[in-house]
Amino acid sequence: MRPWRLCRQSIRHDSSPSTNLRRSRSFYHHNIPVSLPRSSSRATSTTPLPQLRSVLRASTASTSSTTAPTPGSIVTIHGFVRSVRRQKRIAFAAIGDGSSLEPLQVVLQPEHAEELSNGTAVTVTGKWEACPPGKKQSYELHATHLKVLGQNDATASPIQKKYQTSEFLRTLPHLRPRIPFNSILLHLRSQAISSITTYFNRHGFVQTHTPLITSSDCEGAGEAFTVTTEPPPPALSSSPPHPTPPPDPFFRTPKYLTVSSQLHLEAYAQAVGRAWTLSPAFRAEKSDTPRHLSEFYMLEAELCFVDDLSQIMDVVEHLLRDLARTLLASDLAHDLIEGARIRAQEHGDAGPSAHDAKVVGATALRARWDGLVAADWPRITYAEAVEHLRSAVAEGAVEFEHAPEFEGGLQAEHERYVASSIGRGGPVFVTDYPRAMKPFYMAPSEGGEQELGREGRETVACFDLLVPDICELVGGSMREHRLEPLLENMRRQGLMPAGGEPGEGNALDWYVDLRQYGSLPHGGFGLGFDRLLGYLAGVSNIRDVVGFPRWYGRCDC
């Protein structure tokens, strides 16, 4: 039996012993409060109702709970009508408040269901009663008072109870969160943030807020949005408009929306030892894939006084394992599994779209969580990964569109195979990528400047964490903390003129200062938070995890 959990703020109950409730037609009069008999020795105040999902699950298991509403007690709920069934002598309404995938059944008089339709916001007060044997749910609410809270044009509403494609729902980002599974995604986001915050607090990290407007492109990839101001539109006039001179730069020099908080986070970490942030990031990539957005959230952390890449990977592994364990122990896990089962069934009937080619069922979703909880995630070098891919091709175990080459990088198809074959369905760390593929701030692999890859190419002390299906989830590295090697890297990547020196007006002069004044070994990582939520929820398209997604050509609402 599935119990129900409703918002702590939106439900209350009164456990008065009075049970002499009249069920006459006048007692059910719509929108008129009902005077319920109370014991003279009891106060008339109400108390918040606890989360019913866990309470009623305990009740089903024949265990006692002092927080559960007793049968016959008076309960008030707020929510939205998900469906209405009208019969000759009775009516049933399914009410949800966004806290549970499944609704609560409310029993009504037929005349009180006349104004109800899918999406109507209501307040319902009634008796909390056990359902007859054989019913799907354990308890239901027998309404004694119902109030419609606002207008609802169910006929014209674009959100209908029938199956609607993901592409269509993306055109309605302001209404899409009301769909039960999308409400659960909001709860998952909230719970994940809470779990991550708890972990970092427990391990001495300081949460910080980094700027969104920056003076440089952290990654050096040239995919940043430039911040500009636009002149006001010309006033309506019959005379020809006069040329308007371009406005002065607001910040005097070009500024950009941040692509990563890392550089500023390093400054914070060098003050407090360990720092983290969960902040928006922006990429002007003209990518039209299920894995990319123009605006997304990045979870980033920096650790000082560390000199080994494995220490950074340990933090990532422990953080994600702790998050998965928290999810498995929560009531939210049931709704996500049930949501995966329903979506797999719907997509099986309708057929997946081009952007939803991978539908994750309930079994596969649970396997993802178990993979995160498992101990000792594999760690291999980039050179070993390339060798593994080449061997698999030579043995006929797999075919790739792009041949695996050391200088070619790991394509998405390569990363998926590494995750499935080496990670065995769980996460796997790939370390020590060629320097030519990575940003200027990464330190050389352990062993100093002469540490080379197996094919004679210099590598850096970095890692990518690969997980099944979505590929790269986390990227991290040891940061180059020595001044001269950092300057040489910047010159090599065109971030500083050949022969240039600090203090010559470079946009990264402030970052160079961190190496001149009290530098120390440190490292950190960045995690795609929205990708992580999609992985935990079994949602293959990142546009369906974010409430108001922005990508190339689209920025609705």
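First, a term: buried means under 20% relative accessible area, exposed means over 50%, and partly exposed is in between, with a 1.4 Å probe and protein chains only. Second term: helices (H or I, at least four residues) and strands (E, at least two) are DSSP runs, numbered from the N terminus.

Now the ground rules. This is a predicted model, where local features need pLDDT of at least 70, side-chain atom pairs count only at pLDDT 80 or more, and totals for chains, interfaces and linings use all residues. Residues are numbered from 1 along each chain as its sequence is written, and side-chain values use heavy atoms, with hydrogens and water left out.

Start with strand β4, residues 91-96. Six of its six residues are buried. Which residues sit on each side? Ala 91, Ala 93 and Ile 95 take one side, and Phe 92, Ala 94 and Gly 96 take the other. Both faces are covered. In a regular strand the side chains alternate between the two faces of the sheet.

Next, the partners of β4. Two strands pair if DSSP finds at least two bridges between them. Strand β3 (residues 74-86) runs antiparallel to β4, with six bridges. A hairpin of four residues connects β3 to β4. Arg 86 stands opposite Ala 91. β4 also runs antiparallel to strand β5 (residues 104-108), through five bridges. There, Ala 94 faces Gln 105.

Now the open sheet. It has eight strands, in the order β8-β12-β13-β18-β17-β16-β15-β14, and the pairing is mixed. Which strands are at the edges? β8 (206-207) and β14, each pairing on one side only. β8 joins strand β12 (residues 274-282) by two bridges, running parallel. Val 206 is opposite Ala 275 in that pair.

Go to the other end. β14 and β15 run parallel, with three bridges, and Ile 380 stands opposite Val 430. β15 and β16 run antiparallel, with four bridges. Val 428 has Leu 466 as its bridge partner in β16. Within β15, Val 428 and Val 430 point one way, Phe 429 and Thr 431 point the other, and all are buried.

What packs there? Helix α9, residues 412-421, has His 414, Glu 415, Tyr 417, Val 418 and Ala 419 buried. Those buried residues pack against β14, α8 (382-394), β15, β16 and β17.

On to the cores. A nonpolar core is a set of buried Ala, Val, Leu, Ile, Met, Phe, Trp, Tyr and Cys residues joined through side-chain atoms within 4.5 Å. The largest has 54 residues; among those touching the most other members are Phe 200, Leu 320 and Phe 525. Helix α5 (residues 309-328) gives the most to this core, with 10 residues. Apart from it lies another core of 32 residues, including Val 418 and Val 430.

Take Leu 320. Contact means heavy atoms within 4.5 Å. Beyond its neighbours within four places in sequence, Leu 320 contacts Leu 372, Trp 377, Leu 465, Leu 473, Val 474, Leu 527 and Leu 532.

Last, the lining of the largest cavity. Its residues divide into six nonpolar, two polar and three charged. Here Ala, Val, Leu, Ile, Met, Phe, Trp, Tyr, Cys and Pro count as nonpolar, Asp, Glu, Lys and Arg as charged, and the others, Gly among them, as polar. A cavity is a set of points, on a 1 Å grid over the protein atoms alone, where a 1.4 Å probe fits but cannot get out; lining residues have an atom within 4 Å of a point. Among the lining residues are Arg 176, Asn 182 and Asp 544.

Definitions and conventions: 1 Å grid on protein atoms, 1.4 Å probe; cavity = no way out; pocket = protein on both sides within 12 Å on 5 of 7 lines; lining within 4 Å.
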